[in-house]
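Visitor: Could you walk me through this chain, one question at a time?
Guide: Gladly. Have a look first.

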Amino acid sequence: MAGRKKAVARQEYLTPESQKALADRLARAEGHLRSIRQMVIDHRCADDILIQVAAVKAALNHFASTLVETEMKACVDTCMAGEADERLGRMTKALAALLKS
């Protein structure tokens, strides 16, 4: 994306281990997506294709939730004042309100 800069982290939220795990998860989703493309080219049955689509969606959802979780943990630890339980409670309450709307 042109014009977007890499975020400058106050604290590294993606450790080398979590970065590798996320990249590996994306590689698996990418492999599923290539498989779907080939299945379409091969005129495979829709039910087989849809199962692979569900696998890609699940993989991307898990990737996104893991990324959000690591970012939020770093943010809660570095950006918010108060005790750990209090910070977590405020974040949980905010997320619950967001998800209800």
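**A walk along the chain**

Among contacts in the chain (heavy atoms within 4.5 Å) between residues at least 6 apart in sequence, 48% join residues at least 24 apart. The model is predicted, so local features need pLDDT of at least 70, side-chain atom pairs count only at pLDDT 80 or more, and totals for chains, interfaces and linings use all residues. Residues are numbered from 1 along each chain as its sequence is written, and side-chain values use heavy atoms, with hydrogens and water left out.

Visitor: Which pattern does the chain follow along the sequence?
Guide: Helices (H or I, at least four residues) and strands (E, at least two) are DSSP runs, numbered from the N terminus. The chain has 3 helices and 0 strands. Read along the sequence, the pattern is α-α-α.

Visitor: Why are H1 and H2 called roughly antiparallel?
Guide: Axes are lines fitted to C-alpha atoms, for helices over the stretch in contact, and angles run from 0 to 180 degrees between N-to-C directions. Angles over 145 degrees count as roughly antiparallel, under 35 as roughly parallel, 65 to 115 as roughly perpendicular and the rest as oblique. H1 (residues 16-41) and H2 (residues 46-79) have axes 9 Å apart and pack at an angle of about 160 degrees. H1 and H2 are therefore roughly antiparallel.

Visitor: Is Val53 buried, partly exposed or exposed, and what is its relative accessible area?
Guide: Val53 lies in H2. Buried means under 20% relative accessible area, exposed over 50%, partly exposed in between (1.4 Å probe, protein chains only). Val53 is partly exposed, at 30%.

Visitor: What is the C-alpha separation of Val53 and Leu33?
Guide: Along the chain, Val53 and Leu33 are 20 residues apart. Their C-alpha atoms are separated by 7.6 Å.

Visitor: Which residues in H3 meet H2?
Guide: H2 and H3 (residues 84-100) pack at an angle of about 130 degrees, their axes 10 Å apart. That makes H2 oblique to H3. Met72, Val76 and Asp77 in H2 meet Arg87, Leu88, Met91 and Leu95.
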